[in-house]
Amino acid sequence: MADTTKKSAPLRSRADALIMLAATLGIAIVVNALLLGTSVRLDLTEQKIHTLSDASVTAAQTLDDVTVTVYISKKLPESIPQPQGAIALKGIDRAFRDKLDEYATASAGKVHLVFAEDNSPGVGTVEEQAEQAKLEPFSSSEAQLSGNQLKFQKYVLGATFHYKTVSEVYAKALQPGFYEFEITKILLRLKEKYDNSLLMKEPLTKGKAIYEAVKACNDDVQKAGKQEGAKDDSAGLSLKGTSDPGQKRVESLRAAMATLEKKCGPVHELVTREGAGLRGKNQFGDNLIESAVEFGKAWDELKGALAEKEAGEKQRVPASLATTQLLSILDQLYHEVDRGHTNLADSPGRRQIGFLCGHDEFCPFPEAQPLFQPEMAMMLGQNNPMSKQILQAAQQISQAIDETNSRIGENLFTKRGYSIRRVDADTPVKEDVSALIVYAPRKPLSDYERYQIDQFLLSGRPVVMFAQAWQVALMNMKSPDDLGNDVRMDWNELKATSSNLTELLKTYGVELGNDLVLDSTHVEPIRVTQLVNKGGLQFQTAQDFPYALLPVATDFDRGHPLTRALQNLPLPYVTTVQATKELRGDKRFEVVDVIRSSNTSLKKAAPIPVIPPALKEMVLHTPANGPHTLALYVRGPFTSAFKGKEVPHRPEKKAVAPDPQRPDAGPKNETPEEYAFEQRKFKAEGQGKLLVVASNLGIEGLSRADILEGFDISKLAQFNAEMIKQYQDWQAGFQNWQIRIGQVSNLLGDELQFLANVMDWATSHEALVAIRSKGDTRRPLEQIEPDRAARLRYLTLFGAPLLLIGAGLLRWQLRRRRNQSLKV
Amino acid sequence: MNSIWTIAKREMAATFDSPIAYIAGSVFLLVAGLMFFFGIAGSDDYFKGHEATVRPLFDFAPWVLAVILPAVTMRLLAEEKKSGTLELLVTLPVTDLQIVLGKLLGATGFLAVTLALTLVLPIMVMNVGHPDLGAVAGGYVGLLLLGVAFLSLGLLTSTWTHNQIVAFIIGLLLCIFFWTATDAILHLVFEPIPPVLQLFNFQVQFNDFARGVIDLRNVVYFLSVTAVAVVASTYSLQSRHWN
């Protein structure tokens, strides 16, 4: 009570008050500054997404001594543009620092942080240092005018991790939700990489030697090519009076030829010598050798081009032009060698994931064979110019398909650190493939191919099958019909694929349904683009429709690492999958319904309307019969689907003369792996892991065979009008693939996360699966009717203010009555 | 403590007796709700965002609070000064610090009631999805701490003048400055801004709360700002003795 009865003496002067205020302010600043180095936090999120998981702590403590060099631009932009929308960066540097601090603290002194300082003597800016460390910079939308050019400011936010002789790079740390996943992945990877690099010491050393030789040569050649005013007295050449920069370049290179020959001459010999010990041991090593050989050839060409004039030969192409082109080619080839070396250095311990190709499935690789031989095209072109044009167009489409698939493979997998390999199951699956993904084939697999998958499964390595029983075409393009009508933009169709995965899976006790699963409530929208005519103008509009064929699964098995932390997952055009009673009853097997649809889902056989309003109407009038299993995991002693049957034979390879370049080929000209596989004993039973997801996750395969359906070069010899129609079909087919991917593009983020989880699970990185799922914080809203949305919106919007005003009026009334009673 | 509580109760009653509480509260709820559902430009639609989250509330509410709270605090001491009731108040057996704390606590009561009324938004979202309730709780803790910091700044400006409008305008500028303008101004002087000076930015401190993380540094920061503003208000109130 003392404080209410005794008044403290007020400060009598302004000076006293100012001193006291400054002291308070000083204490506040000191306390806050002292706390800057601490990290005491309470993570309230349901999945503790901002707290390191046990797997991350273990990963940080396992490594002896890791140095993390952190690169953060001194001033980051507020946001940066991205295709999926701007990313806000406010406070992101602090979040990144904090996360790294957490790891350093959790590692008990084993992880050390070093922050790159700006403009440290001799090392340049943080951005320059980062680029040297192979961190990819990014830019904001703000540009500055430099001379007559617009220049975008470069920023970096990332780190390099060094452990003993190996290192890893975290280039663009722009998603705080995934910091933990990325850093833990790197720490786990460092350990694997180092352990395996000891086993791969020789190929790595040889690869490095080749890379360094090529780099030294290219550096000097490019440098000499830029020294346009250089002189070489020994050659007795003077550049005075030469004004053509190309010619100056030639003269400069000629002047430096003796030095260049010393650096570049040994490249050939080195590639032959070191390449012999590297070839065939690692696919990235092979790529490196191929690029280095090409580099050597390009150097020879450059040497030849520079020597032509001196030899007095008649030049077909001016030396300056040829030199410029060859310099550019050399530089490109050097970058390929660099990439090959980086991949080789990265490859130790990296587990290969095989993607089955050749059945119109999702196969992120270019085709193994060209569409046709160039000689054939020349012959056809001489006979018929129209055929030549059609051929060129087909070639363009084929190239576009290959480029798209390569880009998908590069961006979705290789850049994210996965090592993927194309598997053509008409040849044996390589031993170093640690998991096989069969991604929604739409064409039947041959007996031999199924045999390959069967034996792979029985070898104990995981097999993941994504199924696509149906193909949905909504507002697709259709080429003109025979009546001469224009290209249609409203072609809708629900078509069964001719996949025969069902038969194979049945032998393992897994039944893949043929019905589609729809949902009335838990659905994602489909984006439909339409051409609209208005006022004589035609323009495109995009509209989202809740689409029952894009159900969102909400029921997950929490015991399975794949779905432990998953909240929801849209599964486009999904069917059902279930285990037979026999399989479920067999105690030797572990059978898990990994993903199930919601209670409001329903299973329905075709025909099903695909147009959104008609589909919605149908779903509203069909009673729900969910939940249904949409993904199933089975582990146990599988029996071969070919037990008791004749083992299918590998398709005969064309009889060719023995290849002198390949003395290790088998009697039928097989590769050593193929021969070894042929000699391998048939396995009738074996422990296996099988995951079946009854959807293609909206990622539809883009295959040449599907798009260029009916392409036959022999038929093109006799040109007819039918070929024009066929060409239009091909074009429409390619555009339809783009349309279909675009329609579900809003789901692709979730789908790719799930696919990455599957790949981590399949390569035994289960700890990463749960950590990645933590980062995926998306929680979709249920699809609700516009009326209900409006009711909820206005009730919420006006409810609370009206309640407050109502309370005020009530209080005012009560006061008035009280005042009146007081007056009385 | 009793004195503080008594003043706080009196202040809260006075706030809710005055129409300004209802006007400010309703405007806050309405504007925050509109921004929540339609975005800052009015062209978005929450239900088309496909995300069961309350995050838009935590993105927009601080802006609205920066405008509304100075309107609530402007009368706390300026009105008392103008009407002469401050002299009556200081004759009571209470210290200036207790007066300031009592006033601040009373205004905090108003803030708490207003924030409580925004709970209809998470409740609505729970009706159509599964928001992360931990993150929602974190966001509300952040809004409360941020709001108290705004109130203390508003209270400080209220001690400087007899005129409520002047108190409101200065309070508003101060709140907006701390919320958003600090970065731009500090960049004029420092390049890069030293970490200690980055403390001045309310947005950076608030971001963690909105993500569902309660960081001791952020809590201490908002409490420090409040403490400094309270001490400054106390001395500002005492300045009447200096003349």
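**Questions on a predicted two-chain model**

Colleague: Does L697(A) count as buried or exposed, and what decides it?
Modeller: In this predicted model, L697(A) has 26 C-beta neighbours inside 10 Å. A residue is buried if 20 or more other C-beta atoms lie within 10 Å of its own, exposed if 12 or fewer, and partly exposed in between, with C-beta atoms placed from the backbone. By that count, L697(A) is buried.

Colleague: How should I read the numbering, and from what pLDDT are local features taken?
Modeller: Residues are numbered from 1 along each chain as its sequence is written, while chains are lettered from A and ligands numbered from 1 in the order in which they are written. As this is a predicted model, side-chain atom pairs count only at pLDDT 80 or more, totals for chains, interfaces and linings use all residues, and local features need a pLDDT of at least 70.

Colleague: Which loop holds L697(A), and what is its phi?
Modeller: L697(A) is placed in the loop between β25 (685–693) and α19 (704–707) of chain A, where helices (H or I, at least four residues) and strands (E, at least two) are DSSP runs numbered from the N terminus. Although L697(A) is not a glycine, its phi is positive, at about 60°.

Colleague: Which residues is F466(A) in contact with, leaving aside its neighbours within four places in sequence?
Modeller: F466(A) belongs to strand β13 (residues 463–466) of chain A, and it is buried, having 24 other C-beta atoms within 10 Å. Two residues are in contact if their C-beta atoms, placed from the backbone, lie within 7 Å, and for F466(A) the residues in question are Y439(A), A440(A), V693(A), S695(A), N696(A) and L697(A).

Colleague: Where is M475(A) found, and what is its phi near?
Modeller: M475(A) is found in strand β14 (residues 470–478) of chain A. It counts as buried because 21 other C-beta atoms lie within 10 Å. It is a residue other than glycine with a positive phi, which is near 50°.

Colleague: What is the order of the open sheet of three strands in chain A?
Modeller: Two strands pair if DSSP finds at least two bridges between them, and β17(A) and β18(A) (residues 537–553) pair in the antiparallel sense over twelve bridges, with V528(A) standing opposite Q543(A) in β18(A). The pairing in the sheet is antiparallel, and the order is β17-β18-β20.

Colleague: Why is one side of two of these strands left without a neighbour in the sheet, and which strands are they?
Modeller: Each of the two stands at an edge and has a single partner strand, so one side is left without a neighbour in the sheet. They are β17 (523–534) and β20 (569–570) of chain A.

Colleague: Which element gives the largest share of the side of chain A that touches chain B?
Modeller: The contact takes 57 residues from chain A and 62 residues from chain B. On the side of chain A, α1 (2–5), α2 (14–35), β1 (41–43) and α23 (786–823) each supply at least two residues. The largest share, 14 residues, comes from α23(A).

Colleague: Which residue is the bridge partner of D43(A) in β1(B)?
Modeller: β1(A) and strand β1 (residues 213–215) of chain B run antiparallel and are joined by three bridges. In β1(B), the partner of D43(A) is V213(B).

Colleague: What is the mean pLDDT of chain A, and where does pLDDT stay under 50?
Modeller: pLDDT is the predictor's confidence in each residue, from 0 to 100, and in chain A its mean is 82, with 88% of the residues reaching 70 or more. Over residues 1–7 of chain A the value is below 50. Where pLDDT is low, the predicted coordinates should not be read in detail. A further stretch of chain A where pLDDT stays under 50 is residues 654–663.

Colleague: Which helix of chain B has the lowest mean pLDDT?
Modeller: Chain B averages a pLDDT of 85, with 89% of its residues scoring at least 70. Among its elements, helix α7 (residues 133–160) has the highest mean, 93, and the lowest, 61, belongs to helix α9 (residues 195–198).
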